[in-house]
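Hi everyone, thanks for coming.

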Amino acid sequence: MTEWKDEMTAIERMTAYAKGEDIDRLPCVPIVGNTAARVIGVKVSDFRGNGELIAKAHIAAYKLFHYDNIRVFTDLYTQAEAMGSEVIYPEDETAYLGQPVIKLDPRLSNLDEIDKLRPADPYKDGNLPEHLKAMRIVVDAVGEEVPVGGAVTGPFTNSSFLVGAENLVRLTLKNPEAVHKLCQVSLESNLRYVDAVIDAGVTPSLTDAMSSSTVISPRLFRKFSLPYLKKLIDHIHDKGKKVTLHICGKTDGIWEDMVKAGADCLSIDNDADILKAKELVGDRVMLMGNVRPSETMLEGTVEDVRKATVEVVRKVYDSPKGFIVASGCSLPTETPFENIHEMLNTVRRIGNPFAIKDATSIVA
Amino acid sequence: MEKEELLRQIADAVVEMEEDTVEELAQQSLTAGIDAYETIDLGLAKGMERAGQLFDEEEYFVPELLMCSDAMNVGIDVLKPHLKSENVSKKGKVVIGVVEGDTHDIGKNLVRLMMETGGFEVLDLGRDIPPAEFVSKAEEYGADIIGIATLMTTTMPGMKEVVDILANKGIRDKYKVIVGGGPISPAFAKKIGADGYARNAADAVKVAEKLLGNTDLALGA
Ligand code: B12
């Protein structure tokens, strides 16, 4: 196997790309989450309450693959956990939600419980302090060469972890006020957390699965998710950071709104048509995505990865505000290393996006 | 009001998620002497079926479908005490759950709901369920159908395991196995030896009915 070398650091590349200057290759971010545990040979649950280990794994994963953004992430539930929800940690798989902190009865008659919720203190509650520690260590180690992001679960999705997904979804129609309360307290948690994340020297990176049009209609998204996302993003902008927003599943009906929320970069899931995203919003936001995390990255051959990578580059290499070659969502933990290498190597072989004449000339 | 008209209005009220109207009309149906079973079958369940279609057409989303089901349940609460016992016999028993390693349960819950509406007795095992538990619970419950869901490709092998365990125990023929969820295809269902597949909750009911009517494979829907 040829050793493919980059000529620029990730930060040099992103900076030049933003200015429209030539770059050695497109930015590329196979979104590595708990796969980082595999890189240093530890169990996923070893990350629990161990910021040093999380940092070690993410630094090692970055050094192995040389992608263009490190996202410190273990699971979506860290803030809900810090607000009192139970999170279950299987020995060697990604954590998941146990009992939400607010246990609503089926008739939803105890909604006043919601008033008891308090925003999390990022320096004290749950595993947040350890995540912040991980972020600081990563930035200290490699922050000069690669952008570092800290995962933040958006207000609507975090709310679903406070009462349970089904209850939240029901409440959107049954008791809008309760949903607003949940989103508000989630937003307050988010604001405190992003302040801490930014103080740690890291850029918050937003993810909001439940806002997907696979779950709620664009109309409900605009009513319950958008206003809080916008406040959160405004706040991050005030602190001088740019924002990437990821929403899973179908999203074409809400791209305009995601732009309106202020996102600088939309991370497009493989369930959505990224070519259409380029046409509709590519003139206003950077795009990233959308190689299939499971079918291609986890289960595909190296050849499949190469083909899928070429395909997505052909579609969006010329997106006006730029494009980051990425997986459509976080990679499954067991994604083979050679597939991650192959995504990057394919992008390296394609080279400078500004030198591409037309889509059909792209081969790798 | 004529019977057909009343049942139609009940169905509409379910589709419109109007709990109070459903309750009122269900009362009216009893006063009018309409058989409670008929009101459930041709009023409430019809409405829920239509809601399922709207969901499929992306007119409705998860919240709307859950609200329709809440409205339907209000009606069922009114009518249940008036069901004649011969009507209570169900179409069949189903155990359903999400395979181990996967905690996505919104879709599975909708399938459970539609199955219940469609006249099946359902035991919901929940999410993150080990393959062996599907089998042991089906045995305990005396199920006719085992419904397995997953939304993640990483957990798909768990579905095959359920089928394999059934085969190894020599009880494969006792059950119809139906599978579903985002990454599942009819081809996958066939490959692992499942009996049925459905791409959405409304179809799941039809497939289950077909299977218990002993129409052979129901992998088409
Ligand atoms: C909402 C959501 C979540 C919520 C789930 C809340 C809940 N309680 O369920 C939250 C935020 C918690 C979540 C978490 C995660 N998610 Co998620 N999530 C989604 C999302 C956006 C929508 C899923 C949904 O609810 N759809 C709506 C329902 C109604 O549809 P459905 O489930 O398909 O069900 C219908 C049919 O399939 C069918 N059906 C369903 N079950 C059955 C069963 C039978 C027997 C039959 C016959 C039919 C049938 O009928 C249903 C109704 O019509 C999808 C995106 C997508 N494209 O689906 C990702 C998605 C499923 N998630 C994904 C991932 C990776 C995760 C995480 C691992 C993320 C992470 N890194 O932490 C975790 C999972 C943790 C775990 N171990 O389980 C991936 C899975 C990738 C893959 N192919 O493996 C998806 C596809 C996103 C993506 N593109 O990468 N997620």
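Predicted model: local features only at pLDDT ≥ 70, side-chain atom pairs only at ≥ 80, totals over all residues.

Okay, chain A. How many helices and strands does chain A have? It has 14 helices and 10 strands. If you'd like to picture a box, the C-alpha atoms of chain A fill one of roughly 60 × 40 × 40 Å along the principal axes. And of the 364 residues in chain A, 58% are buried.

Now the partner, chain B. Here we have 10 helices and five strands. For 221 residues, a compact globule would have a radius of gyration near 17 Å, and chain B agrees with that at 18 Å. The box for its C-alpha atoms is roughly 55 × 35 × 25 Å, again along the principal axes. Buried residues account for 52% of the 221 residues in chain B.

On to charges. Over all chains, the structure holds 46 salt bridges.

Let's start in chain A. The side chains of A:Lys116 and A:Glu113 form a salt bridge, with 2.9 Å from N to O. Is A:Lys116 buried or exposed? Its relative accessibility is 56%, and the cut-off for exposed is over 50%, so A:Lys116 counts as exposed. A:Glu113 has a relative accessible area of 27%, which makes it partly exposed. Another pair is A:Arg284 with A:Asp283, where the salt bridge is 3.3 Å from N to O. Both ends of that pair fall in the middle class: A:Arg284 is partly exposed at 37%, and A:Asp283 is partly exposed at 44%.

A:Asp6, A:Arg13, A:Asp24, A:Arg25, A:Asp68 and A:Arg348 are linked in a network of salt bridges.

In chain B, look for B:Lys3 and B:Glu38, whose side chains meet in a salt bridge at 2.7 Å, N to O. Why does this pair tie together parts that are 35 residues apart in sequence? Because B:Lys3 sits in helix H1 of chain B while B:Glu38 sits in helix H3, residues 36–56 of chain B. Both are partly exposed, B:Lys3 at 32% relative accessibility and B:Glu38 at 25%.

Staying with chain B, let's look at the loop between helix H1 (3–15) and helix H2 (19–31), which is where you'll find B:Glu16. At 47% relative accessibility, B:Glu16 is partly exposed.

B:Met17 counts as partly exposed, with 22% relative accessibility. Positive phi turns up again at B:Glu58, near 60 degrees, and this residue isn't glycine either. B:Glu58 lies in the loop between H3 and helix H4 (62–79) of chain B, and at 42% relative accessibility it is partly exposed.

The peptide bond from A:Gly289 to A:Asn290 is cis, with omega near -25 degrees. A:Asn290 belongs to strand S9 of chain A, residues 286–291.

A:Pro293 is in helix H12 of chain A, residues 293–298. With a relative accessibility of 8%, it counts as buried, since buried means under 20%. What separates the C-alpha atoms of A:Pro293 and A:Thr335? It's 8.4 Å, for two residues 42 apart along the chain.

Over in chain B, B:Lys108 lies in helix H6, residues 106–117. B:Lys108 is buried, at 6% relative accessible area. Its C-alpha atom is 8.3 Å from that of B:Thr150, and those residues are 42 apart along the chain.

Definitions and conventions. Residues numbered from 1 in each chain as written. Chains lettered and ligands numbered in written order. Heavy atoms only, no water. Helix = DSSP H or I, 4+ residues; strand = E, 2+ residues; numbered from the N terminus. Buried < 20%, exposed > 50% of the residue type's maximum accessible area, 1.4 Å probe, protein only. Salt bridge = Lys/Arg side-chain N within 4 Å of Asp/Glu carboxyl O. Rg over C-alpha atoms; globule rule 2.2 N^0.38 Å.
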